[in-house]
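Here is a briefing on a predicted model. Take a look at the structure, then read the notes by topic.

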Amino acid sequence: MGDKRPWPRVLRQLPGVKRPRGADETETVTSQHRAEKITVDVDADLLQCCVCAGPLTAPLFQCTKGHISCSECCTDGAMADECECLMCREPETATRCRAMERVLAGVSVPCPFRQHGCAEMIPYASKEAHEGSCRYAPCHCPIPDCAGYAGKSLVDHVMVDHPDVHRTRVKPGFLTALRMRSSEQARLVCLDNYAELLLVAGRDVPGGRSLSIVGLMDGLFEVEDELKYRIEVVGKDGVLALSGPTKGVERLDRPYEASAFLFVPDAIWYSHPEDIPVFIHLK
């Protein structure tokens, strides 16, 4: 009787051994089949955890009733391949769902910010991490009344999209008058051509303005950690002042809220509408 067992791969490499007819064609077809990719439309809800409604991430678990959950939603003390299903009213054991894990491992999705210019296809398991770092994600601007931007750093946005913002060059260790106007919402402060700071004149406080400092950075440049500022506003009854360290910001993924600001009453802000006595000192 002939031996119908498949030939071991090692025999194919031995000289003088004939390969079965069609072996080359079979390997080529198999290789092409493995490399083939298809595009399908899937309801996003099907890729969410039944418990927390977040995106499914391995390891995954499924109970006999079909509930699929991520490992974060398993009960404490879960075994490596088994846990309790939190969706079932009565105790139900959920076991590792490796089939769904393999499906997820091969799923890629377009970036949700593709309308802003991102053309990447992201592995589904990395979707949230990509959204948090994508340079095309919509960003907020600290300048009042700005609708936001995408696809660039904050410093590029200020330079390109706010050409009306005036710039003042200062020297370290010197108190410099900014000569701001009451209508200004921001002023760029440049220190020896290597540091860009944004002085924001917010209108988020009743009865006055909130002056705060934002250190601009674009990934290659960033404000040095030891750079400190002092803002002074001179009024008829004295001097208002705020000092502190600068903090570099490359992008704002949430509305700007100053960690510290100098409150300037309207009576002072509008006392010299063309030349407000605002001074800045950097060191």
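Strand 11 (residues 208-216) makes the largest contribution to the lining of the second largest pocket, with 3 residues. That pocket has a volume of about 380 Å³.

**Second largest pocket**
- The lining numbers 18 residues, and those closest to the centre of the second largest pocket are Lys247, Val249, Tyr256, Glu257 and Ser259.
- By class, the lining of the second largest pocket holds 10 nonpolar, 3 polar and 5 charged residues.

**Largest pocket**
- The volume of the largest pocket is about 750 Å³.
- Its lining consists of 22 residues, and Val40, Val107, Ser108, Val109 and Met121 lie nearest the centre of the largest pocket.
- Helix 2 (98-105) and strand 5 (108-110) are the elements that give two or more residues to this lining.
- Strand 5 gives the most to the lining of the largest pocket, with 3 residues.
- The lining of the largest pocket divides into 14 nonpolar, 4 polar and 4 charged residues.

**Nonpolar surface patch**
- Ile38, Val40, Val42 and Leu46 make up a nonpolar patch on the surface.
- Together these four residues have about 420 Å² of accessible area.
- Leucine 46 sits in the loop between helix 1 (23-35) and strand 1 (60-63).
- Leucine 46 counts as exposed because its relative accessible area is 58%, and the cut-off for exposed is over 50%.
- Val40 belongs to this patch, and Val40 is also among the residues nearest the centre of the largest pocket.

**A buried histidine**
- Histidine 130 is part of helix 3 (residues 127-133).
- Its relative accessible area is 12%, so histidine 130 is buried.
- Histidine 130 and proline 112 are 18 residues apart in sequence, and their C-alpha atoms are 9.7 Å apart in space.

**Backbone geometry**
- Most residues other than glycine have a negative phi, and most peptide bonds are trans.
- Alanine 58 and proline 59 are joined by a cis peptide bond, with omega about 0 degrees.
- Proline 59 lies in the loop between helix 1 and strand 1.
- Aspartate 145 has a positive phi, near 75 degrees.
- Aspartate 145 is in the loop between helix 3 and helix 4 (154-161), and at 65% relative accessibility aspartate 145 is exposed.
- Arginine 179 also has a positive phi, near 50 degrees.
- Arginine 179 is in the loop between strand 8 (175-177) and strand 9 (186-191), and at 54% relative accessibility arginine 179 is exposed.

**Salt bridges**
- The count comes to 10 salt bridges.
- Glutamate 101 and arginine 96 form a salt bridge, 2.5 Å from N to O.
- Glutamate 101 is buried at 13% relative accessibility, whereas arginine 96 is partly exposed at 26%.
- Arginine 181 and glutamate 274 form a salt bridge, 3.5 Å from N to O.
- This pair links distant parts of the chain, 93 residues apart: arginine 181 is in the loop between strand 8 and strand 9, and glutamate 274 is in the loop between helix 5 (266-269) and strand 16 (278-282).
- Arginine 181 is partly exposed at 45% relative accessible area, whereas glutamate 274 is exposed at 54%.
- Glutamate 232 pairs with arginine 230 in a salt bridge, with the closest N and O atoms 2.7 Å apart.
- Glutamate 232 is buried at 15% relative accessibility, and arginine 230 is partly exposed at 34%.

Notes. Residues are numbered from 1 along each chain as its sequence is written. This is a predicted model: local features need pLDDT of at least 70, side-chain atom pairs count only at pLDDT 80 or more; totals for chains, interfaces and linings use all residues. Side-chain values use heavy atoms; hydrogens and water are left out. On a 1 Å grid over the protein atoms alone, a cavity is a set of points where a 1.4 Å probe fits but cannot get out, and a pocket is an open set with protein on both sides within 12 Å along at least five of seven lines; lining residues have an atom within 4 Å of a point. Grid points are joined across faces, edges and corners, and a volume is the space filled by probe spheres set on the points. Helices (H or I, at least four residues) and strands (E, at least two) are DSSP runs, numbered from the N terminus. Ala, Val, Leu, Ile, Met, Phe, Trp, Tyr, Cys and Pro count as nonpolar, Asp, Glu, Lys and Arg as charged, and the others, Gly among them, as polar. Patches are made of residues with over 30% relative accessible area and no salt bridge: like charges are joined within 9 Å, nonpolar side chains (Val, Leu, Ile, Met, Phe, Trp, Tyr) within 5 Å. Accessible areas come from the Shrake-Rupley method with a 1.4 Å probe; for residues, only the protein chains shown count as cover. A salt bridge is a side-chain nitrogen of Lys or Arg within 4 Å of a carboxyl oxygen of Asp or Glu. Buried means under 20% relative accessible area, exposed over 50%, partly exposed in between (1.4 Å probe, protein chains only).
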